[in-house]
Amino acid sequence: MKTTYYTATSLDGFLATENDSLDWLFSLGELNESSYPEFISGVGALAMGSATYEWMLRNADKVAAETGSPWPYTQPAWVFTSRTLPAIDGANIQFASGDVRTVHAAMRAAAGDRNLWIVGGGDLAGQFYDAGLLDEIIVQIGSATLGKGKPLFPRTALYPALKLISVQQMGSGMAELRYQVKNPVQNDPVPSAATS
């Protein structure tokens, strides 16, 4: 079982525009021609932030046109929010706040031996990283720049925190990079008996 941050970003490192628009992304490639169908088939539970969830609510028609349903997930989902948000009929959604470790444990229990997907945003993925719970980052980099917006991963992750595993071109508009994440908690140096 892996916990994966699977996402798309602009060439200059933004997930979305300042007003949470993803319109820039849809012209760059077809969802079914990407690694998404294989990826989602192995996912047993997912988590997302409130901005991602609210974008899906506002753009239900676009989501349905792209995926076939305004809520395209059959897996249980946790939405992190400090506010009360509307639920989606028929969707297995739980609203959560606070420490991601508690939710991660519930996601693991719900997913069985399948993978966990951190949908976004970047800060939520960063919280899983900070807690030592992120195993992999799969990022599809689009051939577009936004200038400013919502950052891909607002954390410091210095070598050897990320190990590049593969690079794949996807059409003329996207490239996919896969990184293994070295647990930052495990990467902290441990003082030896001689130095303490």
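Me: To begin with a placement, where is Val-100 found?

Reply: In this predicted model, Val-100 has its place in helix 5.

Me: Why is Val-100 called buried?

Reply: The relative accessibility of Val-100 is 3%, and the word buried applies under 20%, so Val-100 counts as buried. Setting aside residues up to four places away in sequence, Val-100 touches Phe-80, Leu-124, Gln-127, Phe-128, Ala-131 and Leu-133. As for Gln-127, its C-alpha lies 6.9 Å from that of Val-100, although 27 residues separate the two in sequence.

Me: What makes helix 5 roughly perpendicular to helix 6?

Reply: The axes of helix 5 (residues 100-111) and helix 6 (residues 122-130) cross at roughly 85° and come within 9 Å. Angles of 65 to 115 degrees count as roughly perpendicular, and therefore helix 5 is described as roughly perpendicular to helix 6. Helix 5 contributes Val-100, His-104 and Met-107 to the contact, while helix 6 contributes Leu-124, Gln-127 and Phe-128.

Me: How many residues of each class does the contact of helix 5 with helix 6 have?

Reply: There are four nonpolar and two polar residues in this contact, and no charged ones.

Me: Which residues of helix 6 are buried, and what is the phi of Gly-132, which follows the helix?

Reply: Gly-122, Leu-124, Ala-125, Gly-126, Phe-128 and Tyr-129 are the buried residues of helix 6. Gly-132, which comes after helix 6, has a positive phi near 75°.

Me: Why does Phe-80 count as buried?

Reply: For Phe-80, a residue of strand 4 (residues 77-80), the relative accessibility is 10%. Buried means under 20%, so this value places Phe-80 among the buried residues. Apart from neighbours within four places in sequence, its contacts include Ser-50, Gly-98, Val-100, Leu-124 and Phe-128. Between Phe-80 and Gly-98 the C-alpha distance is 8.1 Å, across 18 residues of sequence.

Me: How do you know that Ser-50 is buried?

Reply: Ser-50 belongs to helix 3 (residues 50-58) and has a relative accessible area of 18%. Because the limit is under 20%, Ser-50 is classed as buried. Beyond its neighbours within four places in sequence, Ser-50 is in contact with Val-79, Phe-80, Thr-81, Arg-83 and Leu-85. Tyr-53, Trp-55 and Met-56 are also buried in helix 3, together with Ser-50, and the buried residues of this helix pack against helix 1 (23-26), strand 3 (43-49), helix 4, strand 4 and strand 5 (93-96).

Me: What makes the pair of Tyr-6 and Trp-117 edge-to-face?

Reply: The ring centres of Tyr-6 and Trp-117 are 6.0 Å apart, with 85° between the planes. Rings pair if their centres lie within 6.5 Å, and planes over 60 degrees apart count as edge-to-face, so both conditions hold for Tyr-6 and Trp-117. Since Tyr-6 lies in strand 1 and Trp-117 in strand 6 (residues 115-120), the pair ties together parts that are 111 residues apart in sequence. Tyr-6 is buried at a relative accessible area of 5%, and Trp-117 is buried at 4%.

Me: Why is Thr-9 called buried?

Reply: Thr-9, in strand 1 (residues 3-10), has a relative accessible area of 2%, and under 20% is the requirement, so Thr-9 is buried. Its side chain reaches the backbone nitrogen of Phe-14 at 3.1 Å. Leaving out neighbours within four places in sequence, the residues in contact with Thr-9 include Phe-14, Trp-24, Ile-141 and Leu-152.

Technical notes: Residues are numbered from 1 along each chain as its sequence is written. This is a predicted model: local features need pLDDT of at least 70, side-chain atom pairs count only at pLDDT 80 or more; totals for chains, interfaces and linings use all residues. Side-chain values use heavy atoms; hydrogens and water are left out. Helices (H or I, at least four residues) and strands (E, at least two) are DSSP runs, numbered from the N terminus. Buried means under 20% relative accessible area, exposed over 50%, partly exposed in between (1.4 Å probe, protein chains only). Contact means heavy atoms within 4.5 Å. A polar contact is a pair of N or O atoms within 3.5 Å; within protein, one must be able to donate a hydrogen and the other to accept it, and residues adjacent in sequence count only if both atoms are side-chain atoms. Axes are lines fitted to C-alpha atoms, for helices over the stretch in contact, and angles run from 0 to 180 degrees between N-to-C directions. Angles under 35 degrees count as roughly parallel, over 145 as roughly antiparallel, 65 to 115 as roughly perpendicular and the rest as oblique. Ala, Val, Leu, Ile, Met, Phe, Trp, Tyr, Cys and Pro count as nonpolar, Asp, Glu, Lys and Arg as charged, and the others, Gly among them, as polar. Rings of Phe, Tyr and Trp (its six-membered ring) pair if their centres lie within 6.5 Å; planes under 30 degrees apart count as stacked, over 60 as edge-to-face and the rest as tilted.
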